[in-house]
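Me: I've got a fold to go through and I'd like to talk it over in plain terms. Shall we take it question by question?

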Amino acid sequence: MAGREKRVAVTAPRVKKTHTPARAVRAQRPSGSQISPPRQPTVDETAALHAFDRAHREFTRGRFQEARNQFRLLLDRFVQVAEVAARARTYLAISESRLRTESMLPRDADSLYDRGVIELNRGEYVAAQEMFERALKREPEAAHIHYGLAATRARLGSIDLALQSLQRALDLQPTLRVRAQHDQDLTPLRNDPDFDKLVFAPRM
């Protein structure tokens with residue numbers, strides 16, 4: 001019996017795979033729109049802003065009649081500048097309201113003082129302060145008005161101003177020290193050493 005031929009397995013040669021690197025993809029910057037420079041105001045807009053600043057200064061100084069006149073003039077000249085005109089209308093309305101209020105206020109110092117006391121007792125401290133300040137313009141040496149202003153400023157938390165008003169009141173009328181020692185409106189001042197010096201320390 002003839003021997004079997006030995007079969008030799010023939011394997012195909014291994015082909016070395018080469019790794020082809022992926023192409024580098026260049027990062028693309030987002031093509032956002034470029035930021036445009038801010039728009040420059042027109043001549044009318046610039047002039048309207050200057051006019052508004054002038055009128056607003058008069059308003060903050062409490063010169064409501066002059067502020068009203070300037071806001072009206074601004075609206076006559078620059079009504080087309082919508083944003084500035086809208087702000088001017090707001091301040092014009094406030095100025096006119098304040099002028100109407102002023103026309104209804106009492107003129108003499110005592111009546112203004114009485115109104116201030118009423119507002120103080122109601123807890124309307126800002127209004128009370130305004131009444132006392134108006135009263136002092138008419139009677140600047142009135143100790144009781146300075147005292148009322150001190151109490152109001154103490155309630156508003158304006159400690160330094162309150163102490164100044166209190167000192168002026170006591171300089172004009174030292175007997176108010178007794179009242180100040182027990183006045184609840186002056187309670188916010190009691191932790192301040194200057195209050196003790198004013199109210200409790202003996203005067204020479």
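This is a predicted model: local features need pLDDT of at least 70, side-chain atom pairs count only at pLDDT 80 or more; totals for chains, interfaces and linings use all residues.

Me: How many helices and how many strands make up the secondary structure of the protein?
Reply: Reading from the N terminus, the elements go α-α-α-α-α-α-α-α-α. The tally for the protein is 9 helices and 0 strands.

Me: Which element has the highest mean pLDDT, and which the lowest?
Reply: For the protein, pLDDT averages 84, and 81% of the residues score at least 70. Among the elements, helix 6 has the highest mean, 97, and the lowest, 88, belongs to helix 3 (residues 82–104).

Me: What share of the contacts with a separation of 6 or more comes from residues 24 or more positions apart?
Reply: For background, the protein has 204 residues, and 31% of them are buried. As for the contacts with a separation of 6 or more, the share from residues 24 or more positions apart is 51%.

Me: Are helix 4 and helix 5 roughly parallel or roughly antiparallel?
Reply: Helix 4 (residues 109–122) and helix 5 (residues 125–138) have axes that come within 8 Å and cross at roughly 165°. Angles over 145 degrees count as roughly antiparallel. That puts helix 4 and helix 5 down as roughly antiparallel.

Me: How many nonpolar, polar and charged residues are in the contact of helix 4 with helix 5?
Reply: The crossing of these two is left-handed. Helix 4 brings residues including Leu112, Val117 and Leu120, while helix 5 brings Met131, Phe132 and Ala135 among them. By class, the contact divides into 11 nonpolar, 1 polar and 4 charged.

Me: At what angle do helix 6 and helix 7 pack?
Reply: Two packed helices are described by the angle between their axes and the distance between the axes. For helix 6 (residues 143–156) and helix 7 (residues 159–172), the axes are 8 Å apart. Helix 6 and helix 7 are roughly antiparallel, and the angle is about 160°.

Me: Which residues of helix 7 make the contact with helix 6?
Reply: Helix 6 passes helix 7 in a left-handed crossing. On the helix 6 side, the contact includes His146, Tyr147, Leu149 and Arg153. The residues of this contact divide into 10 nonpolar, 2 polar and 2 charged. From helix 7, the names are Leu161, Ala162, Ser165, Leu166, Arg168, Ala169 and Leu172.

Me: Is Ser165 buried or exposed?
Reply: Ser165 lies in helix 7. Beyond its neighbours within four places in sequence, Ser165 is in contact with His146, Leu149, Ala150 and Arg153. Its relative accessibility is 4%, and since buried means under 20%, Ser165 counts as buried.

Me: What separates the C-alpha atoms of Leu170 and His144?
Reply: Leu170 is another residue of helix 7, and it is buried, with a relative accessible area of 0%. Leu170 and His144 are 26 residues apart along the chain. Their C-alpha atoms are separated by 9.3 Å.

Me: Are helix 4 and helix 6 roughly parallel or roughly antiparallel?
Reply: Their axes are 11 Å apart, with a packing angle of about 25°. The crossing is left-handed, and the contact involves Asp110 and Tyr113 of helix 4 and Ile145 and Thr152 of helix 6, among others. Angles under 35 degrees count as roughly parallel, so helix 4 and helix 6 come out as roughly parallel.

Me: How far apart in space are Thr46 and Val81?
Reply: Thr46 sits in helix 1 (residues 43–60) and is partly exposed, at 30% relative accessibility. Thr46 and Val81 are 35 residues apart in sequence. C-alpha to C-alpha, the distance is 9.7 Å.

Me: Is Glu83 buried or exposed?
Reply: Glu83 lies in helix 3. Glu83 is 34 residues from Leu49 in sequence and 9.8 Å away in space, C-alpha to C-alpha. With a relative accessible area of 63%, where the cut-off is over 50%, Glu83 is exposed.

Conventions. Residues are numbered from 1 along each chain as its sequence is written. Side-chain values use heavy atoms; hydrogens and water are left out. Axes are lines fitted to C-alpha atoms, for helices over the stretch in contact, and angles run from 0 to 180 degrees between N-to-C directions. Helices (H or I, at least four residues) and strands (E, at least two) are DSSP runs, numbered from the N terminus. Angles under 35 degrees count as roughly parallel, over 145 as roughly antiparallel, 65 to 115 as roughly perpendicular and the rest as oblique. A crossing is left-handed if the near helix is turned anticlockwise from the far one by less than a right angle, and right-handed if clockwise. Contact means heavy atoms within 4.5 Å. Ala, Val, Leu, Ile, Met, Phe, Trp, Tyr, Cys and Pro count as nonpolar, Asp, Glu, Lys and Arg as charged, and the others, Gly among them, as polar. pLDDT is the predictor's confidence in each residue, from 0 to 100. Buried means under 20% relative accessible area, exposed over 50%, partly exposed in between (1.4 Å probe, protein chains only).
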